[in-house]
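Dear colleague,

I am passing on the structure we spoke about, and my notes on it follow below. Please read them alongside the coordinates.

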Amino acid sequence: MDRFEYSTSTLVPGESYFMRCYNVKLYDGDNRTTFENGELLLTTHRLLWAVPGSNNYLSLPLKYVVYIEEEKPSAFFVKSKRLNVFLMEPPNVRPPGPVSHSSFNFIKLSFKDKLPLDFVSSLNAVVQDKRWENVESQKPLVEAPKAPIRLRTGIVGIERSLEEKQKATNESISVAFQDLSKLMVMAKEMVNLSKSISNKIKEKQGDITDDETIKFKSYLLSLGIEDPVTRDTFTSESQYFTKLANEICQIIEKPLGEVGGLMALTDVYCRVNRARGLELLSPEDFLNGCSMLSKLKLPVILRVFDSGVKVLQLASHSDEAVAFDTCELLNENTFLTAEGLARIIGISVILAKERLITTEKFGKACRDESIEGLRFYPNKFLEE
């Protein structure tokens, strides 16, 4: 809050209004303030905040802004949207404002009403445009004569060195996040390009081998999905989790078939977030979405084993077929441990143990627990 200045709504030369929002609350970092339910004006040079009907504004020059980050709600019932605006260090001499010193390097804007969809993109565009620099360059430079630079040692010299390093770091971060915002704009174009190339491969199947086609398709699919489901586009929790469940099913159905019909929930979570790109899911939202799979009667369901292990499995998955296949592997190898089975069929150790326990339940395997660990043998009592 120590970057804010007392001001009016009068525009400076070259400045113009951009957007207006209502019912906006200001935070000093994570701390609450008394500046509530005000109107927020975005101009090409500043962020202006005031109580409706008042001409006494708080002004934040956009030249202090490093980058903007949208804060995820801490709970599903929190409806207000919050933006974290990270700021560079203020100059030593500046106009008076509401706070003389703050220990935070960011402010928080809380929107009680719905956050305008284009507010964040507009704020980023104005910050990157830096129109205030063009105006300042036209002004005659009248500066006070600078004092001669004196070399200082000790604590004062160390503090000055640290301030210079922090300033250089802030500038580097600003440049880095500008590049990141450009990358986010290009992400959807990359996904569209991958789909276009994939269609061309299907049309020219005869020109390349099957192995090359499958390998290249896997690379393209790893780029992600075009339009991931987000909470902001839905008015109710049930609609959001229903759509999320359909998206999870769409992403994971084919990989499940490739690994035998079962996959640990942790592995699924990593795959889904990788496919969603920058729109990452929280573990709670992911678990709620998976819980809806069975209710919607989708091809993929959530299953909890007796041991407490949670997995996603194909609805067509058969435990009897798993037991039969595992029994054949037991006969081929004399005995198997969970680690050995995981290595043979390429699954996690946890899932391998559950396959062996399932085979035991069908009477096709016997266990041997000793100091060497848990081993499973073919059930010779039924066969001989």
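**Cavities and helix packing**

The lining of the largest cavity divides by class into three nonpolar, two polar and four charged residues. This is a predicted model, and the volume computed for that largest cavity is about 40 Å³. Its lining is made up of Leu262, Arg303, Phe305, His317, Asp319, Val322, Glu354, Arg355 and Thr358. Two elements, helix H8 (319-333) and helix H10 (349-361), each give two or more residues to this lining, and H10 provides the largest share, with three residues.

The count of cavities of 30 Å³ or more comes to two. The second largest cavity holds about 30 Å³ of space, and Val259, Leu262, Ile347, Leu351 and Arg355 line it. By class, that lining has four nonpolar residues, no polar ones and one charged residue. When you look at the two linings together, please note that Leu262 and Arg355 are listed for the largest cavity and also for the second largest cavity.

Turning to the helices, H10 also packs against helix H9 (residues 338-345), at an angle of about 110 degrees and with the axes 8 Å apart. Since angles from 65 to 115 degrees count as roughly perpendicular, H9 and H10 are therefore roughly perpendicular to each other. On the H9 side the contact is made by Ala338, Glu339, Leu341, Ala342 and Ile345, and on the H10 side by Val349, Ala352, Lys353, Arg355 and Leu356. The classes in this contact are seven nonpolar, no polar and three charged residues. Arg355, which belongs to the H10 side of this contact, is the residue already named in the lining of the largest cavity.

H9 has a further contact, with H8: the axes of H8 and H9 come within 12 Å and cross at roughly 105 degrees, and H8 and H9 are therefore roughly perpendicular to each other. Here Thr326, Leu329 and Asn333 in H8 meet Leu341, Ile344 and Ile345 in H9. This contact has four nonpolar, two polar and no charged residues.

From H5, the residues Tyr240, Phe241, Thr242, Leu244, Ala245, Ile248 and Cys249 meet Asp285, Phe286, Asn288, Gly289, Cys290, Met292 and Leu293 of H7. Sorted by class, the contact of H5 with H7 has ten nonpolar, three polar and one charged residues.

A word on confidence before you work with the coordinates: the protein averages a pLDDT of 78, and 76% of the residues score at least 70. Over residues 137-153, however, the pLDDT is below 50, and beyond near neighbours in sequence this stretch has three contacts in the model. Where pLDDT is low, the predicted coordinates should not be read in detail.

With best regards

Notes:
Residues are numbered from 1 along each chain as its sequence is written. This is a predicted model: local features need pLDDT of at least 70, side-chain atom pairs count only at pLDDT 80 or more; totals for chains, interfaces and linings use all residues. Side-chain values use heavy atoms; hydrogens and water are left out. Contact means heavy atoms within 4.5 Å. Helices (H or I, at least four residues) and strands (E, at least two) are DSSP runs, numbered from the N terminus. Ala, Val, Leu, Ile, Met, Phe, Trp, Tyr, Cys and Pro count as nonpolar, Asp, Glu, Lys and Arg as charged, and the others, Gly among them, as polar. pLDDT is the predictor's confidence in each residue, from 0 to 100. On a 1 Å grid over the protein atoms alone, a cavity is a set of points where a 1.4 Å probe fits but cannot get out, and a pocket is an open set with protein on both sides within 12 Å along at least five of seven lines; lining residues have an atom within 4 Å of a point. Grid points are joined across faces, edges and corners, and a volume is the space filled by probe spheres set on the points. Axes are lines fitted to C-alpha atoms, for helices over the stretch in contact, and angles run from 0 to 180 degrees between N-to-C directions. Angles under 35 degrees count as roughly parallel, over 145 as roughly antiparallel, 65 to 115 as roughly perpendicular and the rest as oblique.
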